[in-house]
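Student: Please take me through one part of this model closely. Start with a helix, then follow the charged pairs.

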Amino acid sequence: MEIYIEYAFLENFLLDGALLSLSAYAAKIKCPWGKICLSAAFGAVFAVIFPLLKLSFFGGAVLKWSVGFLLCMPIAGKFRTKKDWSRYCMVSVIFMGLSFGFGGALLGVYNGFSLSGLGSSFSLTRAPSIVVFLGFFFLSLSVVWLTKKIYARRAIVNKLFSCSVIHGEKSIRAEGFLDSGNLAVKNGIPVCFLSPELIYELWGRDLLFEKSEDGGQVCDEMRISTVAGEKIVPLYLGEIEIKTDSETVKKQVYFASLPNSISREYKILLNARTFEGSGA
């Protein structure tokens, strides 16, 4: 059997480079391509030399793990603060997870081929190229998709606050999302948006879509622009109490019902002006 060292080096260089790039992306680290190529080249050299070393199973495993952690060092950058070390740990964990996941996926595919009963005409020696390409392609897509979902969820969680919507003697607790793009104001009062069920529970059904002439439950109205065009929504005057890590903010605001702006993670879309003057 002939082994072409340059092909083995190139294959491992590309795979390590791709795994390191995905790890940096997942950890939200902007790493120059030069550092990624340097680490990938080191990993490729190790992959070519490793089969020539006579090591025990334990010794080989320790060496592989050590080299894996070493490859992630240039990606993480400096090691001056705890934050730098935490970034390095994150990159290392992601890189190891992707490596094991990728290897496990390929092993599963190989086993599937060997048990598929395709006949003697099918040879595993002809399968690796396309299997590696497709397996790594779909793994990469999964990592990118999952990373976006995780960071999108984290972005939402970081802006979620425990709130109480108050009208008269009624009060309902719900999660509120601070939307920096919501600057709606009516008569100098910020406008927050609630899910329809909260509006119903607090103000009732009868005056939900009618403006009261005698200053009843619906206090005003406002024209807003949506994907479906402009629409007029009723405004309900009430109070909102927001708990932050440092204080509790209580403010008089208008509430409006806008179902398309409400997510399953929260029931209230807070106004960016809600915290003005509160010191939060």
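Tutor: Helix α3 covers residues 57–71 in this predicted model. At 1.5 Å a residue, its 15 residues should span 21 Å, and the end C-alpha atoms are 21 Å apart, so the two values agree. Four residues of α3 are buried: G60, V67, G68 and L71. They cover an arc of only 105° around the axis, which means they sit on the same side of α3.

The S21 side chain reaches the backbone oxygen of G17 at 2.7 Å. Beyond its neighbours within four places in sequence, S21 is in contact with W33 and I36.

Now the charged pairs. Side chains of opposite charge can pair when their charged atoms come close. The structure holds two salt bridges. One joins E197 and K267, with the closest N and O atoms 3.0 Å apart. This pair links distant parts of the chain, 70 residues apart: E197 is in helix α7 (residues 196–203), and K267 is in the loop between β7 and β8. E197 is partly exposed, at 35% relative accessible area. K267 is also partly exposed, at 32%.

The other salt bridge joins E239 and K250, with the closest N and O atoms 4.0 Å apart. E239 lies in strand β6 and K250 in strand β7, so the pair ties together parts eleven residues apart in sequence. E239 is partly exposed, with a relative accessible area of 31%. K250 counts as partly exposed at 49%.

Conventions:
Residues are numbered from 1 along each chain as its sequence is written. This is a predicted model: local features need pLDDT of at least 70, side-chain atom pairs count only at pLDDT 80 or more; totals for chains, interfaces and linings use all residues. Side-chain values use heavy atoms; hydrogens and water are left out. Helices (H or I, at least four residues) and strands (E, at least two) are DSSP runs, numbered from the N terminus. The expected span of a helix is 1.5 Å times one less than its number of residues. Buried means under 20% relative accessible area, exposed over 50%, partly exposed in between (1.4 Å probe, protein chains only). The arc is that of the directions from the helix axis to the C-beta atoms. A polar contact is a pair of N or O atoms within 3.5 Å; within protein, one must be able to donate a hydrogen and the other to accept it, and residues adjacent in sequence count only if both atoms are side-chain atoms. Contact means heavy atoms within 4.5 Å. A salt bridge is a side-chain nitrogen of Lys or Arg within 4 Å of a carboxyl oxygen of Asp or Glu.
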